[in-house]
Amino acid sequence: MIAIWYGIVSFMLITYVALDGRNFGAGMLHWFVAKTPEERRQVIAAIGPLWSWHEVWLVGFGGTLVAVFPRLMASAFAGYYLALFLILWGLILRGIALEVGGHINDPLWQGFWDFVFVCANVLLAILFGAAAGNLVRGVPLDAHGHFSMAFFTDFRVRGNVGLLDWYTVSTAIFAAAILAAHGATYLMLKTEGPVHDRSATWATSLWAVVAPLFLAITVASGVVRPDLPEHAIDNPFCWLGLFVVIVAIITLISGLSARRERRAFVGSNLLLVGLLTTGGAAMFPVMLYSTLAPEHSLTAYAVASSSYAFLLASMWWPVGFVLATAYFVFISRRYAGKVSVQRDNQGFY
């Protein structure tokens, strides 16, 4: 049961990263693929109808984590307090920029909120990448399951580590690159004209950059956590994730080469899903690894809730999942196809 709920929690987080990650990437490339106000509104229109719905998966992930792994949330929220507030502010600023940027047809107003929008997305991509690095590397958990971290200490990956070191900075760079490539691939599918052409160029270039970064991060992860390869070999879900990665790479390359935007976007999504599935399976059952002493690490079995809580979660989670899936199908069909931008008396939409 605990392994199943670990998989459910991981599924919700992976879904959020794949869905909202394309918005992060498109936002980071906002100034590069769109040169005029009209073109920038086209990028916003590609993101606008769906961005708030994607965050439902993040909220659902947090709620499920509280229900089934409460001790993990107690430790993680206290230790990641500063980082979580930065992520929260990034999400808030991105939402404000999307909602109010087009309400006044003034270059200064729109330029300011475009700036906020780009900065918020860059910050979010970097923070989520650094968070992934922290999960792999571990945190300075003591024997009581408590920890606190500054932004950085000595940039080493052992002992009393901070949020940032050479490894987490590397994962942040990799995350920014792969999400930017993911966003460019999405804009290829959803835009037309010069924005589409620039997005296609950026997608090809960024995916070429992601490949060597991925190899470097894989090697670095093995150095930071030598136990992960052994766990990966023994876990069948790691092999499933690797299979998805291989299929994703073939699909992505063929889609980019043949200018088949939908195929390339499917490959981009599958690649994120495969990588995160492989990583999550390799780390199981450890959910918070201790850089002070491995025996202080928190496993899924140690932080799990009671049987009664699992029973309640088993009753309400399927209902919420069905509702979320139904809305996803509806909203995806409603805004399928390429977006067009029209001007009205409140700006561009």
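Predicted model: local features only at pLDDT ≥ 70, side-chain atom pairs only at ≥ 80, totals over all residues.
**Helices α7 and α8**

Helix α7 runs over residues 107-137, and helix α8 covers residues 166-190; their dimensions are set out below.

| Helix | Residues | Number of residues | Span, first to last C-alpha | Expected span |
|---|---|---|---|---|
| α7 | 107-137 | 31 residues | 45 Å | 45 Å |
| α8 | 166-190 | 25 residues | 36 Å | 36 Å |

In α7, the span is close to the value expected at 1.5 Å a residue, and the span of α8 is likewise close to its expected value.

An aspartate side chain is found at the start of each helix. At the start of α7, a side-chain oxygen of D106 comes to within 3.1 Å of the backbone nitrogen of L108. The N-terminal end of α8 is capped by D165, which has a side-chain oxygen 2.8 Å from the backbone nitrogen of Y167. After α7 comes G138, with a positive phi near 110°.

Helix α8 is mostly covered, with 21 of its 25 residues buried.

**The nonpolar core**

The largest nonpolar core holds 98 residues, and the members that touch the most others are F69, I178 and W207. The greatest contribution to this core comes from α8, which gives 13 residues. Leaving aside residues up to four places away in sequence, F69 touches I2, W5, Y6, V9, T64, M287, A300, V303 and A304.

**Aromatic pairs**

Across the whole structure, a search finds 21 aromatic pairs. One of them joins F112 and W113 in an edge-to-face arrangement, with 5.0 Å from centre to centre and 75° between the planes. Within this pair, F112 is partly exposed at a relative accessible area of 44%, whereas W113 is buried at 14%.

Another pair consists of F174 and F214, whose ring centres are 6.3 Å apart; their planes meet at 35°, so the pair is tilted. Because F174 belongs to helix α8 and F214 to helix α9 (residues 194-224), the pair ties together parts that lie 40 residues apart in sequence. F174 is buried, with a relative accessible area of 12%, while F214 is partly exposed, with 30%.

W5, which is among the residues touched by F69, also belongs to an aromatic cluster together with F11, W53, W57, F310, W317 and F321.

**Cysteines**

No disulfides are found in a search of the whole structure. C119 is partly exposed, with a relative accessible area of 38%, and C238 is buried, with a relative accessible area of 1%.

Definitions and conventions
Residues numbered from 1 in each chain as written. Heavy atoms only, no water. Helix = DSSP H or I, 4+ residues; strand = E, 2+ residues; numbered from the N terminus. Expected span 1.5 Å × (residues − 1). Buried < 20%, exposed > 50% of the residue type's maximum accessible area, 1.4 Å probe, protein only. Polar contact = N/O pair within 3.5 Å; in protein donor to acceptor, adjacent residues only side chain to side chain. Disulfide = S-S within 2.5 Å. Core = buried A, V, L, I, M, F, W, Y, C linked by side-chain atoms within 4.5 Å. Contact = heavy atoms within 4.5 Å. Phe/Tyr/Trp six-rings, centres within 6.5 Å; stacked < 30°, edge-to-face > 60°.
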